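I set down here, entry by entry, what I looked up in this structure. The sequence and the model come first.

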Amino acid sequence: MKILVRRDSFLEACRLAERALSDRVAEPALAHVLVRARDGTCVLQATDKEVGLRLGVDAVVERSGDALLPARQVLAILRESAHDGLWFE
């Protein structure tokens with residue numbers, strides 16, 4: 001997967017997705033956000049097994065694929081970044 005996203009819109013989507021995750025995690029995957037990039041669209045998915053959330057995010061998809069991102073660490077990086085556009089690979 002290789003995508004280019006606007007920092008502000010991706011940060012907002014990650015903030016919303018993180019709210020769907022549980023604070024107490026028995027399974028490590030439930031502390032992560034799934035990013036799916038296909039055919040010019042990017043979707044973030046998060047769940048705590050009771051509530052699920054899917055968010056579309058504007059992105060330039062150079063290479064399709066999926067990535068499981070640790071939600072809290074990604075949010076910390078996005079908050080600190082000064083760049084307007086970010087590549088995820």
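In which loop does Ser-81 lie? I found Ser-81 in the loop between helix 2 and strand 7.

**Basis of the entries.** I worked from a predicted model, in which local features need pLDDT of at least 70, side-chain atom pairs count only at pLDDT 80 or more, and totals for chains, interfaces and linings use all residues. Residues are numbered from 1 along each chain as its sequence is written, and side-chain values use heavy atoms, with hydrogens and water left out. Helices (H or I, at least four residues) and strands (E, at least two) are DSSP runs, numbered from the N terminus.

**Ser-81.** Ser-81 counts as buried, at 17% relative accessibility; buried means under 20% relative accessible area, exposed over 50%, and partly exposed in between (1.4 Å probe, protein chains only). Leaving aside neighbours within four places in sequence, Ser-81 is in contact with Arg-7 and Leu-86, contact being heavy atoms within 4.5 Å.

**Helix 1.** I checked the length of this helix. The 13 residues of helix 1 (residues 7-19) should span 18 Å at 1.5 Å a residue, and the end C-alpha atoms are 18 Å apart, which agrees. The expected span is 1.5 Å times one less than the number of residues. I then listed the buried residues of helix 1: Arg-7, Phe-10, Leu-11, Ala-13, Cys-14 and Ala-17. They cover an arc of only 165° around the axis, which puts them on the same side of helix 1. The arc is that of the directions from the helix axis to the C-beta atoms.

**Helix 2.** Which residues of helix 2 are buried? They are Ala-71, Val-74, Leu-75 and Leu-78. Down the axis of helix 2, these buried residues fall within an arc of 100°, so they line one face of the helix. Ile-77 and Glu-80, on the other side of helix 2, are exposed. I also noted the packing partners: the buried residues of helix 2 pack against helix 1, strand 2, strand 6 and strand 7.

**Aromatic rings.** I searched the whole structure for aromatic pairs and found one. Phe-10 and Phe-88 form this pair, which is tilted, with 4.9 Å centre to centre and 40° between the planes. Rings of Phe, Tyr and Trp (its six-membered ring) pair if their centres lie within 6.5 Å; planes under 30 degrees apart count as stacked, over 60 as edge-to-face and the rest as tilted. The pair links distant parts of the chain, with Phe-10 in helix 1 and Phe-88 in strand 7 (residues 85-88), 78 residues apart. Both Phe-10 and Phe-88 are buried. Beyond four places in sequence, the contacts of Phe-88 are Met-1, Lys-2, Ile-3, Val-5, Phe-10, Leu-69 and Leu-78.

I also looked for a charge over a ring. Lys-2 lies over the face of Trp-87, at 5.2 Å from the ring centre; the criterion is NZ of Lys or CZ of Arg within 6 Å of the ring centre and within 35 degrees of the ring normal.

**Nonpolar core.** Which members of the largest core touch the most others? Of its 27 residues, these are Ile-3, Phe-10, Val-35, Leu-44, Leu-78 and Phe-88. Such a core is a set of buried Ala, Val, Leu, Ile, Met, Phe, Trp, Tyr and Cys residues joined through side-chain atoms within 4.5 Å. Among the elements that give two or more residues to this core are strand 1 (2-6), strand 2 (32-38), strand 3 (41-47) and helix 2 (71-80). The largest share, five residues, comes from helix 1.

Val-43 lies in strand 3 and is buried, with a relative accessible area of 18%. Apart from neighbours within four places in sequence, Val-43 is in contact with Leu-34, Val-35, Arg-36, Arg-54, Leu-55 and Gly-56. Asp-66 lies in strand 6 and is partly exposed, at 39%. Asp-66 and Gly-85 are 19 residues apart in sequence and 19 Å apart in space, C-alpha to C-alpha.

**Positive phi.** Asp-39, in the loop between strand 2 and strand 3, has phi near 45°, a positive value in a residue other than glycine. Asp-39 counts as exposed, at 74% relative accessibility. Lys-49, in the loop between strand 3 and strand 4, has phi near 80°, also a positive value. Lys-49 is exposed, with a relative accessible area of 59%.
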